[in-house]
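Let's take a friendly walk through a protein model together. Have the sequence and the 3D view ready as you read.

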Amino acid sequence: MQNKHINDLILSTNDQSLSSDFTGSIDYSGNMQIASLNTMSLSPLMALFPLFVDSQQAQLLSQTNPLGKITQFALRSSANELAASAKLKDLSWSASGNLPGLSNLSAELVWHEEQGRLTLETANA
C-alpha cells in the first residue's frame, strides 16, 4: 500500500475555508489511513459538528465560538476498526450558559474503537 499525497485540499463552508495537505492510502480491502501534513484551523470544521452531535449540542458549541489549531491529525479505518488521533493547540471558547470561557488550552485526543482519551495541558490556560 503506497501513500498518496493531496496538496492544497480546500474545504469551504459557511464562508470559511480550510486548506491543508494530506497523505494516506486505501487498499483493495477498504483499509484506509490518512494524516494531515500541516496545521489546520479549527473554525472551518465547526460546520461538521452537526454530523456527529445532536442539534442542541451543536447549537451550544456554536455559541461558544471555539477557536484553535489542529497541529496533528490521523485517521485509520478498516472493516472492524476505527482509530483517530489529534493534537490541538491554542484552544479557546467563550462562556455560554453554565460553561465558562477558556483560552490557551492544548489537548490531545486519541480514539480507538469505542474508547477515547482526552489529555488536557492547562499550564498556560
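The report below moves from the overall fold to the largest pocket.

## The fold at a glance

Keep in mind that this is a predicted model. The protein chain contains one helix and eight strands.

## Size and surface

Along its principal axes, the box filled by the C-alpha atoms of the protein chain is roughly 50 × 30 × 30 Å. The protein chain has 125 residues, and 22% of them count as buried. Its accessible surface is about 8700 Å², with 53% of that belonging to carbon and sulfur atoms.

## The largest pocket

Now look for the largest pocket, which has a volume of about 1500 Å³. Its lining is made up of 37 residues. To find the centre of this pocket, look for L42, F49, I70, L88 and L109, the lining residues that lie nearest to it.

Which elements build the lining? At least two residues each come from β1 (4–13), β2 (16–26), α1 (55–63), β5 (67–78), β6 (81–93), β7 (102–112) and β8 (115–121). The largest share, eight residues, is supplied by β6.

Note on methods: Residues are numbered from 1 along each chain as its sequence is written. This is a predicted model: local features need pLDDT of at least 70, side-chain atom pairs count only at pLDDT 80 or more; totals for chains, interfaces and linings use all residues. Side-chain values use heavy atoms; hydrogens and water are left out. On a 1 Å grid over the protein atoms alone, a cavity is a set of points where a 1.4 Å probe fits but cannot get out, and a pocket is an open set with protein on both sides within 12 Å along at least five of seven lines; lining residues have an atom within 4 Å of a point. Grid points are joined across faces, edges and corners, and a volume is the space filled by probe spheres set on the points. Helices (H or I, at least four residues) and strands (E, at least two) are DSSP runs, numbered from the N terminus. Buried means under 20% relative accessible area, exposed over 50%, partly exposed in between (1.4 Å probe, protein chains only). Accessible areas come from the Shrake-Rupley method with a 1.4 Å probe; for residues, only the protein chains shown count as cover.
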